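These are my notebook entries on one structure. I record what I looked up, entry by entry.

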Amino acid sequence: MFSRKKSVAPPPPIPAVPFVPPPPVNDDEDSEISSEDEDAINANMETPLMAHGSHRPRSAARSNDVFRNNNSNTSADANPATTKTTSKTRNTTYASIEEGGDTTDDDNNDDDRSFSAASIVTINTTLTNFRDNLMLPFCSDETSLPKIGAGLASLSVIGVVVGLVMPKNQALAGKWYPWYRTISSVIGYTYFVLWSVCFYPQVLLNIRRKSTKGLSNDFAILNFMGWAFYSAYLGSMYFDESIRKLYQERFKNESSTVQSNDVAFSVHAMFLSFFYLVQIVYYGGGDGNGDGGKSSSNKGWSPSLISLKLKPQTWFLIVAMAGPSIVMALMISFGILPYDYWLDYFYMLSYFKLCC
């Protein structure tokens with residue numbers, strides 16, 4: 001006979017096997033265990049994997065229940081920690097993702113900055129090359145075809161930009177007049193830039209060498225006279241209201257097509273041509289064959305108009321053009337010739353430009 005109070009070691013629980021609770025046991029009364037119950041207890045002790053039986057003592061059942069409750073409590077206690085760990089891991093993962101996103105943004109920003117830096121370098125290089133090509137006509141003594149082409153292309157770009165920006169000629173009309181005005185302006189200002197710039201290389205070369213060697217005295221004086229005549233013609237057509245009225249009366253109310261850029265170009269060319277003469281006089285002028293400058297054979301050199309030696313043919317052209325210009329202007333001013341001859345007079349000056 002076994003006592004109820006005899007302690008029996010509880011078998012370990014097997015969570016995977018469902019537990020069948022034993023019949024209720026009265027704690028206040030002792031109960032006797034039959035041989036069959038004893039065999040069941042022994043079987044439970046020998047085979048701990050069998051955690052259930054239909055006739056198990058209450059103490060064993062209670063111990064097993066306590067063990068299970070402890071397990072459950074442990075699991076329940078472990079759940080918050082696991083939850084915290086999972087949350088922490090999740091937060092870490094989110095943070096990693098966010099950091100990864102930030103890293104991608106940083107990479108994108110770095111790429112943008114790199115692209116911006118590369119763009120700035122490219123623009124600076126382009127502008128530097130454009131500036132160097134633009135200065136070729138002024139500073140380079142090389143006459144290679146690529147350098148000449150690069151210089152002309154750079155100057156043409158400036159002419160196109162100026163032509164697009166400047167006001168267009170509103171007198172041009174017709175079906176395609178908006179495009180025609182733009183094309184006319186671009187061509188006109190490109191011509192203006194190229195022809196205006198062509199005067200400077202010779203001036204800079206003379207200053208750099210302190211000599212006018214290679215510059216013809218005859219060309220310099222005739223060039224100055226031609227631009228002076230042309231400036232007088234264009235200036236009268238643009239600024240003088242009476243000349244414009246004479247033009248309208250003669251050509252049936254047609255307006256003069258002379259523009260401000262025509263006048264500016266001509267006056268600019270006249271002043272630079274005059275500067276050629278100043279340089280010829282200042283640097284000695286040579287013998288009129290382009291051999292100008294200070295030389296060892298001319299130790300007594302001093303700026304003088306005597307150094308401006310010209311050929312006889314040049315003197316003939318000077319007199320042939322300057323004489324009628326002066327005489328006809330005086331005759332119209334004193335009323336010997338009618339006033340409307342002023343228009344013919346300025347036309348005469350424009351023809352003299354062709355002779356120069």
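Is Lys-210 buried or exposed? I found that Lys-210 is exposed, because its relative accessible area is 53%. I use the terms as follows: buried is under 20% relative accessible area, exposed is over 50%, and partly exposed is in between, with a 1.4 Å probe and protein chains only.

**Entry 1: the model**

I note that this is a predicted model, in which local features need pLDDT of at least 70 and side-chain atom pairs count only at pLDDT 80 or more, while totals for chains, interfaces and linings use all residues. Residues are numbered from 1 along each chain as its sequence is written, and side-chain values use heavy atoms, with hydrogens and water left out.

**Entry 2: two lysines in loops**

I placed Lys-210 in the loop between α5 and α6. Helices here are DSSP runs (H or I, at least four residues; strands are E, at least two), numbered from the N terminus. The phi angle of Lys-210 is near 55°, a positive value in a residue that is not glycine. I then looked up Lys-252, which lies in the loop between α7 (241-250) and α8. Its phi is also near 55°, again positive in a residue other than glycine. Lys-252 is exposed, with a relative accessible area of 75%.

**Entry 3: aromatic pairs**

How many aromatic pairs does a search of the whole structure find? I recorded 19 aromatic pairs. Rings of Phe, Tyr and Trp (its six-membered ring) pair if their centres lie within 6.5 Å; planes under 30 degrees apart count as stacked, over 60 as edge-to-face and the rest as tilted.

Tyr-189 is buried at 11% relative accessible area, whereas Phe-192 is partly exposed at 21%.

I next examined Trp-195 and Trp-227, whose ring centres are 5.3 Å apart with planes at 75°, so this pair is edge-to-face. Trp-195 belongs to helix α4 and Trp-227 to helix α6 (residues 217-239), so the pair ties together parts that are 32 residues apart in sequence. Trp-195 is partly exposed at 36%, and Trp-227 is buried at 3%.

I also noted one aromatic cluster, whose members include Tyr-189, Phe-192, Trp-195, Trp-227 and Tyr-347.

**Entry 4: a charge over a ring**

What sits over the ring of Trp-227? I found the charged end of Lys-353 there, 4.3 Å from the ring centre. The criterion is NZ of Lys or CZ of Arg within 6 Å of the ring centre and within 35 degrees of the ring normal.

**Entry 5: a nonpolar surface patch**

I listed Tyr-200, Leu-204, Ile-207, Phe-274, Phe-275 and Val-278 as a nonpolar patch on the surface, with about 480 Å² of accessible area together. Elements giving two or more residues to this patch are α5 (200-209) and α8 (260-282). Phe-274, in helix α8, is partly exposed at 43%. Patch residues have over 30% relative accessible area and no salt bridge; nonpolar side chains (Val, Leu, Ile, Met, Phe, Trp, Tyr) are joined within 5 Å, like charges within 9 Å. A salt bridge is a side-chain nitrogen of Lys or Arg within 4 Å of a carboxyl oxygen of Asp or Glu. Accessible areas come from the Shrake-Rupley method with a 1.4 Å probe, and for residues only the protein chains shown count as cover.
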